Amino acid sequence: MTSISIIGTGKMGSAIAEVSARAGASIQIIRRRAGAGSSAERPDAEYGLVGDELTGDLVVLAVPYEAYPNILEHYRDRLSGKVVIDISNPIDFTTYDELLVPADSSTAVELSKALPVGVTVVKAFNVNLGDTLSTGTNGTTPTTVLFAGDDPEAKIAVAALLEAAGLRAVDAGPLSRARELEAMGFLQIVLAAIGKTRYESGFALLQ
């Protein structure tokens, strides 16, 4: 059985927990502080606080990119053998017009540089809005999750989770493709913020 630890209890963290439940995964949810989270506890998940041992083989960082340094203070040297899933989009939300990483890089690549050699990073979920993950559909089509990474076994594990949840998993290539995925996420969030699309919608891949 797949096991997953989700750090963060916001909308995306909750949506990924729902995906994981549909996939039949063992779920651990890590709160950043006591009392964090806006919804009732899931009966199918175990809860903990940042600093607690991570039980999942997959570890999802469902927190803003600015919170990564704090998370790494607790877990940088405790991630051996795990697949770290970066879902962030490096947007400066005070301006909606600047990125928090160099233009030729990505949060996933920067995260990979900050982790010990051998810890695998996969970029996923950043092009998805939470509602389309929770429902499993985007309009009339199954929700598609694009992902990127350099480790074939890690990508197989991520794809297996997504497909077991009824989602479409599409491998976008090596981790360097995270830059393009983050550009897509940036555009999607900005369009929703200015009312050109809805937060309940999202880009759909038709086949």
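Predicted model: local features only at pLDDT ≥ 70, side-chain atom pairs only at ≥ 80, totals over all residues.
## Helix H1

Helix H1 covers residues 11-22. H1 has 12 residues, and the distance from its first C-alpha to its last is 17 Å, close to the 16 Å expected at 1.5 Å a residue. Just after H1 comes Gly24, which takes a positive phi of about 75°.

The buried residues in H1 are Gly13, Ala15, Ile16, Ala17, Val19 and Ser20. The cover over these buried residues includes strand E1 (3-7), E2, E4, H4 and helix H5 (152-164). In an α-helix there are 3.6 residues a turn, so residues three or four places apart point the same way.

## Helix H6

Helix H6 spans residues 178-193. H6 has 16 residues and reaches 22 Å between its first and last C-alpha, close to the 22 Å expected at 1.5 Å a residue. Gly195 follows H6 and has a positive phi, near 85°.

Which residues of H6 are buried? They are Ala178, Leu181, Glu182, Gly185, Phe186, Gln188, Ile189 and Ala192.

## Salt bridges

The structure holds 12 salt bridges. One of them joins the side chains of Lys11 and Asp131, at 2.8 Å from N to O. Lys11 belongs to helix H1 and Asp131 to helix H4 (residues 130-135), so this pair ties together parts that are 120 residues apart in sequence. Is Lys11 buried or exposed? Lys11 counts as exposed because its relative accessibility is 54%, and Asp131, at 23%, counts as partly exposed.

A salt bridge also links the side chains of Arg31 and Glu41, at 3.1 Å from N to O. Arg31 lies in strand E2 (residues 26-31), whereas Glu41 is in the loop between E2 and strand E3 (45-49), so the pair ties together parts that are 10 residues apart in sequence. Arg31 counts as buried, with a relative accessibility of 15%.

Arg179 and Glu180 form another salt bridge, and their closest N and O atoms are 3.5 Å apart. Arg179 is partly exposed, with a relative accessible area of 35%. Glu180 is partly exposed as well, with a relative accessible area of 32%. Elsewhere, salt bridges that share partners join Glu18, Arg42 and Asp44 into one network.

## The largest pocket

The largest pocket contains about 590 Å³ of space. It is lined by 26 residues, and those closest to its centre are Met12, Ile87, Asn89, Phe93 and Ile189. The elements that give two or more residues to this lining are H1 and H4. H1 provides the largest share, three residues.

Ile189 is also among the buried residues of H6. By class, the lining of the largest pocket has 13 nonpolar residues, nine polar residues and four charged residues.

## The largest cavity

Rolling a probe the size of a water molecule over the atoms shows where empty space is left. How many cavities of 30 Å³ or more are there? The count comes to one. The largest cavity has a volume of about 40 Å³.

Ile7, Val59, Leu61, Ile71, Leu72, Tyr75, Leu79, Val84, Leu111 and Leu115 line the largest cavity. By class, this lining has 10 nonpolar residues, no polar residues and no charged residues. Strand E4 (58-61) and helix H2 (68-75) each supply at least two residues of the lining. The largest share, three residues, comes from H2.

## Leu72 beside the cavity

Leu72, one of the residues lining the largest cavity, has its place in helix H2. Its relative accessible area is 15%, so Leu72 is buried; the cut-off for buried is under 20%.

Which residues is Leu72 in contact with, leaving aside its neighbours within four places in sequence? They are Leu111, Ala114 and Leu115. Of these contacts, Leu111 and Leu115 also line the largest cavity. Leu72 and Leu111 are 39 residues apart along the chain, and their C-alpha atoms are separated by 9.3 Å.

How values were computed:
Residues numbered from 1 in each chain as written. Heavy atoms only, no water. Salt bridge = Lys/Arg side-chain N within 4 Å of Asp/Glu carboxyl O. Helix = DSSP H or I, 4+ residues; strand = E, 2+ residues; numbered from the N terminus. Buried < 20%, exposed > 50% of the residue type's maximum accessible area, 1.4 Å probe, protein only. Expected span 1.5 Å × (residues − 1). 1 Å grid on protein atoms, 1.4 Å probe; cavity = no way out; pocket = protein on both sides within 12 Å on 5 of 7 lines; lining within 4 Å. Points joined across faces, edges and corners; volume = space filled by probe spheres on them. Nonpolar A, V, L, I, M, F, W, Y, C, P; charged D, E, K, R; others polar. Contact = heavy atoms within 4.5 Å.
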